[in-house]
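Subject: Structure handover

Hello,

Here is the structure for you to open alongside this note. Please keep it on screen while you read.

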Amino acid sequence: MPASVTRQIVLRSRPARMPKPADFDLVEAPLPAPKEGEILTRTIYLSLDPYMRGRISGVKSYAASVELGQVIVGATVGEVLESKHPGLAKGDIVQAYAGWQSHAVAAGAAVRKLDPKQAPVSTALGVLGMPGMTAYVGLLDIGQPKPGETVVVSAASGAVGSAVGQLARIKGARAVGIAGSQDKCDYVVRELDFDACVNYKKGDLLASLKAACPGGIDVYFENVGGDVLRAVMQLLNLNARIPLCGLISEYNATESVPGPNLRPLLFNRVLVKGFIVSDHLARLPDFLKDCGGWLREGRLKHREDVVVGLEKAPEAFIGLLQGKNFGKLLVRVGEDPSR
């Protein structure tokens with residue numbers, strides 16, 4: 001029997017600086033029955049991503065804010081329990097946007113049916129989901145790396161950064177990562193085949209980055225901002241490109257953060273382009289074809305950091321903003337029938 005209630009994590013208060021557990025509430029709500037064209041799903045995996053910090057801040061952004069008392073937004077993988085959509089049946093596994101809750105009703109046309117035989121269904125939230133597509137679009141369409149060029153990516157062991165470096169290598173470029181621990185640096189070099197990785201928490205960041213990039217930087221995939229960006233700016237080559245994906249070091253700031261000197265961007269004719277992956281959905285078929293193939297061939301690897309239990313989502317999300325996760329951060333909300 002389908003559940004009669006859904007367990008939800010809702011926004012209790014807007015965080016001031018770093019979110020805290022008291023900003024979230026775990027509640028139960030009646031579960032509506034699906035109407036024509038809709039499906040009822042049971043959440044298996046919930047994706048936790050840095051962009052969620054902006055959505056709970058109340059500050060005007062590219063997407064609507066989560067209001068107080070509302071379910072926190074988030075991509076999910078779930079099992080269909082009941083379907084009133086002709087293209088989906090009970091037992092199908094779908095990627096949806098159900099948010100931080102155990103069950104949800106969704107429009108059948110708004111979900112993506114997954115094939116567990118092609119890849120583990122959890123990858124639809126990571127390397128074959130929004131993070132992977134963000135890396136694909138940002139690097140290939142905006143960064144446009146050429147063979148022999150040097151691509152630098154911050155947050156290199158994360159879901160986006162790890163894919164960026166591997167895609168750079170697939171395209172014949174050098175891949176240099178920036179990460180927050182030696183374990184993360186060792187992982188991207190030894191397991192993901194990056195050419196080098198710099199631990200920004202150890203020693204002189206600029207000197208270490210210069211040693212890792214003796215020919216300068218041609219593409220910088222920006223996820224962090226702050227001191228990392230200031231160091232990168234001093235090593236940019238003529239006609240360098242910066243896909244501006246995120247600024248996680250600034251997400252908890254309550255006032256404007258002092259910016260780096262922009263003169264190198266002018267002198268070196270640097271292209272900086274901010275992008276939101278949802279503006280590039282036309283690239284989804286190419287992304288799934290290319291990255292799905294590279295994943296099956298073993299050329300594109302991924303790592304998942306899975307916590308168990310919906311109630312653990314706030315604590316895990318706070319840890320994400322502090323850099324505590326290692327790989328794509330997921331919450332396993334329910335059992336995965338495909339495994």
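This is a predicted model: local features need pLDDT of at least 70, side-chain atom pairs count only at pLDDT 80 or more; totals for chains, interfaces and linings use all residues.

Residues are numbered from 1 along each chain as its sequence is written, and side-chain values use heavy atoms, with hydrogens and water left out.

**Salt bridges**

A salt bridge here is a side-chain nitrogen of Lys or Arg within 4 Å of a carboxyl oxygen of Asp or Glu. The count comes to 17. Three of them follow.

Arg 283 pairs with Asp 141, with the closest N and O atoms 2.8 Å apart. Arg 283 sits in the loop between strand E13 (271-274) and helix H8 (284-297), and Asp 141 in helix H2 (residues 130-143), so the bridge ties together parts 142 residues apart in sequence. Helices (H or I, at least four residues) and strands (E, at least two) are DSSP runs, numbered from the N terminus. Arg 283 is partly exposed at 22% relative accessibility, and Asp 141 is partly exposed at 28%. (Buried means under 20% relative accessible area, exposed over 50%, partly exposed in between; 1.4 Å probe, protein chains only.)

Asp 193 bridges to Arg 169, at 2.9 Å between the closest N and O atoms. Asp 193 is in the loop between helix H4 (182-190) and strand E10 (196-199), and Arg 169 is in helix H3 (residues 159-170), so this pair links parts 24 residues apart in sequence. Asp 193 is partly exposed at 43%; Arg 169 is partly exposed at 32%.

Arg 230 meets Asp 227 at 2.8 Å, N to O. Both lie in helix H6 (residues 226-233), 3 residues apart, about one helical turn. Arg 230 is partly exposed at 31%, whereas Asp 227 is exposed at 56%.

Shared partners also join Asp 141, Arg 283 and Asp 286 into one salt-bridge network.

**Nonpolar cores**

A nonpolar core is a set of buried Ala, Val, Leu, Ile, Met, Phe, Trp, Tyr and Cys residues joined through side-chain atoms within 4.5 Å. The largest has 38 residues; Tyr 136, Leu 139, Val 164, Leu 167 and Cys 291 have the most contacts inside it. Elements giving two or more residues include H2, H3, H4 and H8. H2 gives the largest share, 7 residues.

Leu 139 has contacts (heavy atoms within 4.5 Å) beyond its neighbours within four places in sequence, among them Val 151, Val 164, Leu 167 and Phe 221.

A second, separate core has 23 residues, including Leu 205 and Ile 242.

Best wishes
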